[in-house]
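Subject: Structure handover

Hi,

Here is the structure I promised to pass on. Have a look at it first, and my notes follow below.

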Amino acid sequence: MGAIGSVLLLIGSFGAAGTLVHDPVLGSGPLSVLRYGHGRDVAVTVVYVGFALLVWAWVRLGRGVIANLVTSRGVLWATAAWLGPMLVAPPLFTRDVYSYLGQGLLALNGLDPYGVGPSALTGPIPENVHPTWQTTPAPYGPLFMGVAKGVILLAGHDVIASVIVMRLVLLGGLVLLICALPGLVRHLGGRLPVALWLVAASPMTVVHLVGGPHNDMLMIGLLAVGTLLVLEGKNVTGIALVSAAMAIKATAGLALPFLVWIWASRLEGPLWRRFVRAVFPAVGVFVVVFGACTALAKVGFGWLSALSAPGMIVNYLSAPTAVGQAVHSLVQMFGETNIWPFVGTTRTLGSVLLVAILAWNWWQARDGGPEAVRRAAIVLCFGAFLSPVLLPWYTTWGLALGAAFAWTPRALSYVVGASIALVLAYYPDGEQAMYNWPFVAVGIGAAVLGALSLVRFDPLGLSSTFGKFSRTVTTAHLPREVHESRP
């Protein structure tokens, strides 16, 4: 069922996803009907039918995992079947990959991707970048700029080939994550089938991280492996990999202070002396790794100022932004006002709250061990929800580590509901759907149904109704003597 759903996602994506402005496949000929009018409506419908089948298969797989009927190997086979069609699909529910390629092209042409946007160049890659990001500097670390340059070198200016190569490179992050999970589960007390089901087979991974694709996939893979190595006492290598993850995307840096506590917990002496003996070499490793990434990518440190670039997106998925929007809506009842002072204030308060949460959890993690990793996962989750903008795939940051802990079925059902709702927050072409209220209502209904379906068989009570209907239809076609012989 999941494989069929994934194939339908692939078929529908040729007309409904982030297709090219000048598409060599659909630009002319009979397939072009998928891009316009009723043909595009059909393509969109096929995408949503495929997504529904994929989610239903994931929920059924989850039931088997919870009941100990499905092994890790079974989850991995399902994951492979669902991911296969995504490898050659146009970008689904996003156009970010075109921005990645445009930023790599800038760096390859000697321009500073942290100073100018893709619109500084012309050609098939820049023209496909979303208008929002055409003039926006890259908010990603130097290692990812190097990756983007390498993809352009391999695939040239062929946009379709570049998307596929970028997807395959970023898929390495998922491979790293899958390889790290057995060790993380062993240290953190979870179950491997559950962890794999949460982060590998999830529609968030299939649709967003791979179907997108998004560089978060590479970041969380490096983060997971680095965390595992620190837990196993390989501190220098572990810190180096997490530093590399931060050189992909700055968010991974939230985990570094917690890994220092794990390092310090293996040393002898008073707490602060152990901390100092761990933090100085950890900072040294970070400086060397980050400096090497910057030098090899031949970029500067402009990414620090560009980190605020995604903040131009305003939507209510981010808690601070949602509060600002709500306050602005109330004030606007009494007169026309600009939204930015309200959103800016609540975002600043959200950042202050995140710093407080980080500091408190960091101090609570001072004994190191699994508790430090748990606290790091919590902070990564808050880092997503309290950021100025929350995009659906940001929720994978904390889940990459949190999946290795023990989960209750009810907690897993919350993840199911959130995953469905967050994917449906955007249309297949990458535009946000959060202000189409009838569509939002359907999405919330689907999320609730999916969440309940994980822990309740037939939450709508349809089996008894259809069972009676089936029995009635069956007996109506039996010979009269069979009817009369029934008690």
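To get your bearings, which loop does Gly 302 lie in? Gly 302 is found in the loop between helix H13 (271-297) and helix H14 (303-306). Helices here are DSSP runs (H or I, at least four residues; strands are E, at least two), numbered from the N terminus. With a relative accessible area of 21%, Gly 302 is partly exposed. The cut-offs are under 20% for buried, over 50% for exposed and partly exposed in between, with a 1.4 Å probe and protein chains only. Ala 138 is 164 residues from Gly 302 in sequence, yet their C-alpha atoms are 8.8 Å apart in space.

Before you go further, please keep in mind that this is a predicted model: local features need pLDDT of at least 70, side-chain atom pairs count only at pLDDT 80 or more, and totals for chains, interfaces and linings use all residues. Residues are numbered from 1 along each chain as its sequence is written, and side-chain values use heavy atoms, with hydrogens and water left out.

Now the salt bridges. Side chains of opposite charge can pair when their charged atoms come close. The structure holds five of these bridges, counted when a side-chain nitrogen of Lys or Arg is within 4 Å of a carboxyl oxygen of Asp or Glu.

- Asp 429 pairs with Arg 40, with 3.4 Å between the closest N and O atoms. The two come from distant parts of the chain, 389 residues apart: Asp 429 is in the loop between H19 and helix H20 (437-455), and Arg 40 is in helix H2 (residues 37-66). Asp 429 is partly exposed at 22% relative accessibility, and Arg 40 is partly exposed at 26%.
- Arg 186 and Glu 232 meet at 2.6 Å, N to O. Arg 186 sits in helix H7 (residues 159-188) and Glu 232 in the loop between helix H10 (216-231) and helix H11 (235-246), so this pair ties together parts that are 46 residues apart in sequence. Arg 186 counts as exposed at 56%, while Glu 232 is partly exposed at 34%.
- Glu 371 and Arg 375 have their closest N and O atoms 2.8 Å apart. Both lie in helix H17, four residues apart, or about one turn of the helix. Glu 371 is partly exposed at 29%, whereas Arg 375 is buried at 11%. Through shared partners, salt bridges join Glu 371, Arg 374 and Arg 375 into one network.

H17 turns up again in the second largest pocket, where its seven residues are the largest share of the lining. That pocket holds about 590 Å³ of space. A pocket is an open set of points on a 1 Å grid over the protein atoms alone, where a 1.4 Å probe fits, with protein on both sides within 12 Å along at least five of seven lines; lining residues have an atom within 4 Å of a point. Of the 31 lining residues, Cys 381, Thr 395, Leu 399, Trp 407 and Val 415 are the closest to the centre. Among the elements giving two or more residues to the lining are helix H18 (396-402) and helix H19 (409-423). The lining divides into 23 nonpolar residues, seven polar and one charged; nonpolar means Ala, Val, Leu, Ile, Met, Phe, Trp, Tyr, Cys and Pro, charged means Asp, Glu, Lys and Arg, and the others, Gly among them, are polar.

Cheers

Methods
Points joined across faces, edges and corners; volume = space filled by probe spheres on them.
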